[in-house]
Every structure is written in structure tokens, then in C-alpha cells.
Amino acid sequence: MLVELIFYLFAAITVGAASMVVISKNQVHSVLFLVLTFFSTACLFVLIQAEFLAAILVMVYMGAVAVLFLFVVMMIDLDFAELRKNTYEHLPLGIAVGGVMLVEMVAIGVTYHAPEHLAVATPTPEGVHNTLALGRVLYSKYLLPFEMASLILLVALIGAVVLTLRSRKDRKRQDIGKQLARTRDEAVEVKKVKSWEGA
Amino acid sequence: MAEILQVIHSFGEGLFGAIWPLVWALIKINVLMGPVMICVSYLTLAERKVIGAMQVRIGPNRVGFWGLLQPFADAAKLFFKETHIPAAADTVVFLIAPTLVLVPALLAWSAIPFAEGVVLADVNIGILYVLAISSLGVYGVLMSGWASNNRYSFLGALRSASQMVSYEVAMGFSIIPVVMLAGSLNLTDIVLDQKDMWNIIPLFPLAIVYFISVVAETNRTPFDLPEAEAELVAGFFTEYSAMSFGLFFLGEYANMILVSALATILFLGGWLPPVEWLSIIPGFVWFAIKVGFLLFVFLWIRATFPRYRYDQLMRLGWKVFLPIALIWIFVTGAAMHLFGLA
């Protein structure tokens with residue numbers, strides 16, 4: 001009873017925040033609502049006792065991805081009047097795409113019977129908690145896809161660095177090794193200056 | 001102890017009926033939060049006393065005996081000041097931001113074990129939970145900087161956020177070998193695994209990396225770039241006054257105590273005594289002594305080092321700490337394989 005109540009609370013927050021992402025006029029508010037959506041989704045994960053997934057969701061999506069979103073969105077200067085100018089021109093296309101997605105989702109919703117499928121999809125692992133069970137599956141059965149995913153991420157990482165790296169000839173880089181290797185003897189020169197003669 | 005709890009439970013159920021579990025949870029939260037908040041307020045006094053002593057000053061000594069009532073005087077002052085909201089600020093975000101700095105720092109305490117079995121929620125992903133919750137503090141910083149609609153605040157927030165995100169990486173990687181050795185994410189298991197040898201001995205470089213990273217995470221000197229007063233006035237909380245400023249202040253100190261407690265659990269053996277015959281002193285006292293020592297180091301660092309330059313800070317995190325932590329993960333794995341610990 002209490003768990004159901006809490007579920008509907010978090011579900012309502014998730015749906016409400018998700019719609020605010022789309023509705024809200026200020027783009028920074030949109031990202032903040034997206035963060036709230038992530039968080040209440042993590043709470044829903046906790047309710048079905050998938051606490052590992054919840055922690056990873058919070059760490060990866062809220063702790064890293066959404067922070068970068070926020071960074072970018074805060075710094076770009078969007079003109080909303082400009083963005084909204086052609087709304088009615090694109091309306092038919094938008095309705096078409098949205099309509100197709102709606103039909104697909106309804107089709108899934110009609111044919112997919114949650115309780116039966118869930119009972120099949122989540123057998124409770126015996127004697128081990130779900131973090132351990134997840135780790136075992138990830139590093140044995142799904143080792144290859146897992147490593148492939150990490151390789152793709154690494155390529156994306158290096159790609160991002162290569163795209164933004166530019167070497168300019170006129171920049172003044174500091175060599176930290178050189179800085180640390182300096183001693184007092186080569187950096188300080190003591191001169192005797194006679195009174196009233198030093199300039 | 002169990003009998004007393006039984007009596008309390010039966011009394012509470014009689015009084016509140018079905019909502020007693022909720023009330024009991026609230027009681028437990030208050031029993032945890034009260035001492036934490038008192039520690040936070042006295043840490044501010046300790047900081048002023050310690051730094052005063054290091055600079056051959058007396059420190060606050062007017063309010064109460066030996067200045068012991070100073071934190072309450074400060075709190076009263078902050079409560080009665082006017083909360084000023086800039087005209088161009090985004091009011092709602094501006095007011096939510098300070099609570100988002102303080103609340104994660106307090107939420108994370110629920111998984112911290114103070115002694116064997118003395119923990120509010122003994123979750124089996126304890127360390128992940130603490131890391132996940134404390135990574136949310138960055139939103140308060142970013143939101144406050146943006147909502148203030150002030151260049152100094154915004155630059156301070158950007159600096160602070162990139163600093164916190166960068167050092168979170170080094171910090172997270174320095175914790176992985178600890179989890180590998182313990183074979184568990186549960187904080188109690190991690191402490192009990194150190195019964196024979198504290199983690200600081202096999203993982204000494206990582207303990208150093210962790211500690212310096214958390215100094216950067218909590219925006220303390222010498223990494224207090226976000227509030228570099230010479231260039232950014234006060235960084236992301238330039239526009240805050242009264243209690244909304246006080247919440248940032250409390251959040252910083254609560255975070256300091258939290259990361260010290262975490263360092264104690266991960267590397268210094270939590271509530272375990274250094275040698276077996278000293279276990280006549282209760283574990284809670286050992287935990288407090290270790291956390292107190294780490295907090296003293298925080299204050300000591302503040303009184304000793306000048307501020308880092310921003311590029312030096314980023315270099316240290318990404319090019320020094322991250323490789324050290326990654327190499328030590330491999331070394332730990334190889335050692336565990338060789339000695340048959342895995």
C-alpha cells in the first residue's frame with residue numbers, strides 16, 4: 001500500500017518533469033527538469049530493488065551527462081522568437097512524426113502484458129544480491145558487447161579530443177618539468193646597489 | 001538495548017498506529033542529523049581556532065567560555081539578516097540552489113557506518129550511493145551561478161563545476177581498488193575487510209590521491225578557485241546573503257566531514273582500533289578520532305598552502321592523479337591475482 005503510494009508519487013513527478021522539459025520556455029529550466037526526471041526515475045529503480053542501476057543512473061546521467069548539457073545550454077545564447085518563427089510551417093511534419101510514434105507506443109502497450117513479461121524477465125538470483133549477479137552476467141555472457149561498447153566510447157573520446165585540438169604557434173605553453181627544475185641559484189641574482197646610485 | 005527498542009516500538013505503535021514506521025524513520029533521521037549539524041557548526045569554530053593558533057592569534061573568544069557559543073551567535077546573525085534577491089535573478093532557481101548544495105551532503109550520511117551495525121541504512125551498494133548522492137552537489141553550484149545573473153557568479157560556477165567533475169573522476173578511480181580488495185560495495189564490509197591491515201598500507205598512493213581530490217571536490221584551499229576573491233569576488237555565491245549564504249557555508253563544512261568520514265572508512269579502517277588490545281576503547285571513539293584528525297589536516301592545509309592556478313589544477317587532476325589511480329588499479333589486480341586474494 002505504502003510502496004504503491006510512493007510509486008505513484010515518483011511516477012507522477014517523472015511524467016510531470018518530463019513534460020516540463022518540453023513545455024518550459026527557458027532552456028536552462030528544461031535541462032533542470034530533465035535532471036529531475038532522471039532522479040525520480042532512479043527512485044523508481046530503487047522501488048523495484050534495482051539499487052545498482054539507480055546509483056549508476058544518478059552517477060552517470062546526473063553526475064556527468066546532464067552537467068555537460070547544463071554547461072552547454074547555459075553558455076549558448078538562444079533567441080526564442082527566432083526559434084518559434086516557423087512553428088506553423090513545420091507543424092504537419094511534427095504531427096506526422098509524433099503520430100507515428102504514438103501509434104507505435106499504443107501498439108506496444110496493447111500487446112505487451114507487463115506482469116507476465118516482468119515475471120519472466122526478472123528471475124531473482126539465488127543467494128547473491130543483484131549487483132553481483134549483474135557483474136557476473138556482464139563479464140561472462142555479455143563480455144564481448146560490453147568491451148565493444150567501451151571501445152566505442154574510447155573512440156568517441158579520442159575523436160572529441162582530436163576535433164577540438166589545435167596547435168597554435170604563438171601560444172606560450174608552460175613546461176611544468178622545467179618550472180619545477182628551477183633552483184634559487186639560477187632564478188635569483190643578488191646585486192649590490194650603492195645608495196643614491198641605483199636607478 | 002533491544003528491550004528498550006521493543007518498549008519504544010510498542011509505545012509508538014500504540015500512539016501513532018499505522019504511520020508509526022514513518023514516524024520512527026523521522027526519529028532516526030533526526031538522531032543522525034542533530035549530531036552532524038552540531039559537528040558542522042563546531043567545525044567552523046575549530047577552523048577559526050586552529051588557523052588562529054597557526055597564525056599566532058587567539059581566535060574567537062568573546063561569545064561564551066573560550067568562544068564556545070560563537071557558532072550559535074553566527075547562526076543567529078545569519079537568520080536575522082535580510083535575504084537579498086537580485087532584480088535580474090531567476091528567483092525560483094536562485095532560492096533552490098543553496099538547498100541543493102546542503103541536502104546531498106546530509107543525505108549521504110544515511111549510509112555511513114559509525115561503528116559495527118550503527119548505520120541508518122546498511123545498503124549493499126553503500127559506496128556507490130554515497131558517491132552518487134554527493135555528485136549531485138554540483139547542481140547547486142551551477143544553478144546558483146546561473147540564476148544570480150552575474151558574470152562573477154557564472155564564471156565561478158563554471159570553474160567550480162568543471163573542477164568538481166574533473167576531480168570526481170580521480171576520486172572514483174582511487175576508490176575502485178578498495179572495492180576490489182573488499183570484494184563488496186557495502187561500507188561495513190569494506191571496514192571489516194581491513195581487520196588485519198588498514199587499506200592505507202597497500203594503497204598508500206591512492207589514499208593520498210583520494211584525500212587531495214576531496215580537498216578539490218569540497219572547493220577548499222588550495223583549490224578554492226571558484227571563490228578566488230581577487231578575481232571573482234566570491235565566486236558562485238557572490239549574490240547570496242543571510243541564510244541562503246549560510247546554507248552554502250553549511251554545505252561546504254558538511255561535505256568536509258562527510259569526505260573525512262568516507263576516507264576513514266575506505267583507508268583508515270573505520271571504527272577498528274590500530275592494534276587489537278586497544279579495542280577496549282569503543283569503535284565509535286576511534287571513528288571520531290580518525291575523522292577529527294583528517295578534519296584537522298583540512299584546516300592545516302588551508303593555513304599552509306597558497307591557491308593553485310586554474311591550469312595547474314586541471315593538470316594535476318587529469319594528468320597526474322588519473323594515471324596514478326589507473327596504474328594502481330592494475331597493480332592491485334595483479335597483486336590480488338599473484339597472492340591468490342581474488
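A contact here means heavy atoms within 4.5 Å. In this predicted model, residues 24 or more positions apart make up 57% of those contacts in chain A that have a separation of 6 or more.

Chain A contains 10 helices and 0 strands, and its elements follow the order α-α-α-α-α-α-α-α-α-α from the N terminus. Of the 199 residues in chain A, 17% are buried.

## Largest pocket

The largest pocket holds about 2,900 Å³ of space. It is lined by 50 residues, and those closest to its centre are Ile56(A), Met59(A), Val60(A), Phe173(B) and Ile176(B). Two or more lining residues come from each of α3 (51-75), α7 (130-140) and α8 (143-164) in chain A, and from each of α5 (126-134), α7 (151-182) and α13 (310-338) in chain B. Among the contributors to the lining of this pocket, α7(B) has the largest share, 13 residues.

By class, the lining of the largest pocket comprises 35 nonpolar, 12 polar and 3 charged residues. Within chain A, domain 1 (1-79 + 88-121) and domain 2 (123-164) each provide at least three residues of this lining.

## Second largest pocket

About 1,800 Å³ of space is found in the second largest pocket. Its lining has 50 residues, with Phe10(A), Phe39(A), Cys43(A), Leu107(B) and Ile133(B) the closest to the centre. At least two lining residues are supplied by each of α1 (2-23), α2 (27-47) and α3 in chain A, and by each of α2 (20-54), α4 (91-107), α5 and α6 (137-147) in chain B. The helix that gives the most to this lining is α2(A), with 11 residues.

The lining of the second largest pocket divides into 43 nonpolar, 5 polar and 2 charged residues.

## Largest nonpolar core

The largest nonpolar core has 111 residues, and the members that touch the most others are Trp109(B), Ile112(B), Tyr139(B), Tyr210(B) and Leu266(B). Helix α11 (residues 242-267) of chain B provides the largest share of this core, 15 residues.

Ile112(B) can be followed in detail. Leaving out residues up to four places away in sequence, Ile112(B) touches Val118(B), Val119(B), Leu187(B), Leu258(B), Ala261(B), Leu262(B), Ile265(B) and Phe287(B).

Key:
Residues are numbered from 1 along each chain as its sequence is written. Chains are lettered from A and ligands numbered from 1 in the order in which they are written. This is a predicted model: local features need pLDDT of at least 70, side-chain atom pairs count only at pLDDT 80 or more; totals for chains, interfaces and linings use all residues. Side-chain values use heavy atoms; hydrogens and water are left out. On a 1 Å grid over the protein atoms alone, a cavity is a set of points where a 1.4 Å probe fits but cannot get out, and a pocket is an open set with protein on both sides within 12 Å along at least five of seven lines; lining residues have an atom within 4 Å of a point. Grid points are joined across faces, edges and corners, and a volume is the space filled by probe spheres set on the points. Helices (H or I, at least four residues) and strands (E, at least two) are DSSP runs, numbered from the N terminus. Ala, Val, Leu, Ile, Met, Phe, Trp, Tyr, Cys and Pro count as nonpolar, Asp, Glu, Lys and Arg as charged, and the others, Gly among them, as polar. Domain bounds come from an automatic or database domain assignment. A nonpolar core is a set of buried Ala, Val, Leu, Ile, Met, Phe, Trp, Tyr and Cys residues joined through side-chain atoms within 4.5 Å. Buried means under 20% relative accessible area, exposed over 50%, partly exposed in between (1.4 Å probe, protein chains only).
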